[in-house]
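Let's take a friendly look inside a protein.

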Amino acid sequence: MHKRGHSVHTILQGKRLIAFDLDGTLIDSVPDLAVGVQRALQEVGRSAPSESQVRDWVGNGAQVLVERALTWSLGNAPEAALQQSAYEAFMRHYGAAPNALTTLYPEVFEALHALHDAGYQLALITNKPERFIAPILSHFDLLPLFVATVGGDSLAEKKPSPLPLLHIAETLDIAPSVSVMVGDSRHDIAAGKAAGFTTIALPYGYNHGDPIEQSQPDLLVSSLRELIA
């Protein structure tokens, strides 16, 4: 496993697959998501939320993000037609520039390359719509590192369901017992636990304002760099 002299954190020893969340784990995408939400709500005649508000709403996919923004603006849940109009507007505005303000978190690029070079199979499991995955990873020169990716609309269920994780493990013919889920939210940790993956959490992302340690991951690290000794 550990090729080219890389040594890794003890929790990764004997593992084969490392699955990563995207938003809040590898990238800080809230600035671009906020612009998409703000423009979408303005388009449907509603007041626009702040970036800090959007930060607390991220994590359950684009439909839920738009629904939370509309509920905040309306004071109650949106009707289906308004929800659909705002969702379509969000997908159009966000899709036009998903990388304008988005940044990689510190040491992500180096850590992913080191883990890839160490022989691990790397996968991406996000609740973000699938169409945005390749453009974003390509923008940061990370796409070739991943052997498989799953978006929030790729399968019948998304995190916190274990289905995307089990789908990746089955596709790659790797047992959950030698697989790891790395994420920043309770949905990542819940999905990992339910799938039988080892779970690693990062505290800097989007967890609806709650400390990620409340989800009791197997390991909490402040940076992906800590996975490389």
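## Before we start

Keep in mind that this is a predicted model. Everything below is worked out from its atoms.

## The space inside

The largest cavity holds about 230 Å³ of space. There are 22 residues lining that largest cavity, and Asp23, Val58, Gly59, Gly61 and Lys128 are the closest to its centre.

Three helices, α3 (62-74), α4 (80-96) and α8 (186-195), are the elements that give two or more residues to the lining of the largest cavity.

## Helix α1

Now find helix α1, which covers residues 30-43 and so has 14 residues. From its first C-alpha to its last, α1 reaches 19 Å, close to the expected 20 Å. Just after α1 comes Gly45, with a positive phi of about 80°.

Which residues of α1 are buried? They are Val30, Pro31, Asp32, Leu33, Ala34, Gly36, Val37, Ala40 and Leu41. An α-helix has 3.6 residues a turn, so residues three or four places apart point the same way. The cover over the buried residues of α1 includes β2 (27-28), α2 (51-57), α3 and α4.

## Asn127, tucked into a loop

Asn127 sits in the loop between β4 (121-125) and α6 (133-139). Is Asn127 buried or exposed? Asn127 counts as buried because its relative accessibility is 7%, and the cut-off for buried is under 20%.

Its side chain has a polar atom 3.0 Å from the backbone oxygen of Gly59. A polar atom of the Asn127 side chain also lies 3.0 Å from the backbone oxygen of Lys159. Leaving aside residues up to four places away in sequence, Asn127 touches Gly59, Asn60, Gly61, Ala62, Gly152, Lys158 and Lys159.

## His187 in helix α8

Over in helix α8 you'll find His187. With a relative accessible area of 8%, His187 is buried too. What does the side chain of His187 make a polar contact with? The partner is the side chain of His208, at 3.0 Å.

Again leaving aside residues up to four places away in sequence, His187 touches Gly59, Asn60, Lys159, Pro160 and His208. Gly59 is also one of the residues that Asn127 touches.

Key: Residues are numbered from 1 along each chain as its sequence is written. This is a predicted model: local features need pLDDT of at least 70, side-chain atom pairs count only at pLDDT 80 or more; totals for chains, interfaces and linings use all residues. Side-chain values use heavy atoms; hydrogens and water are left out. On a 1 Å grid over the protein atoms alone, a cavity is a set of points where a 1.4 Å probe fits but cannot get out, and a pocket is an open set with protein on both sides within 12 Å along at least five of seven lines; lining residues have an atom within 4 Å of a point. Grid points are joined across faces, edges and corners, and a volume is the space filled by probe spheres set on the points. Helices (H or I, at least four residues) and strands (E, at least two) are DSSP runs, numbered from the N terminus. The expected span of a helix is 1.5 Å times one less than its number of residues. Buried means under 20% relative accessible area, exposed over 50%, partly exposed in between (1.4 Å probe, protein chains only). Contact means heavy atoms within 4.5 Å. A polar contact is a pair of N or O atoms within 3.5 Å; within protein, one must be able to donate a hydrogen and the other to accept it, and residues adjacent in sequence count only if both atoms are side-chain atoms.
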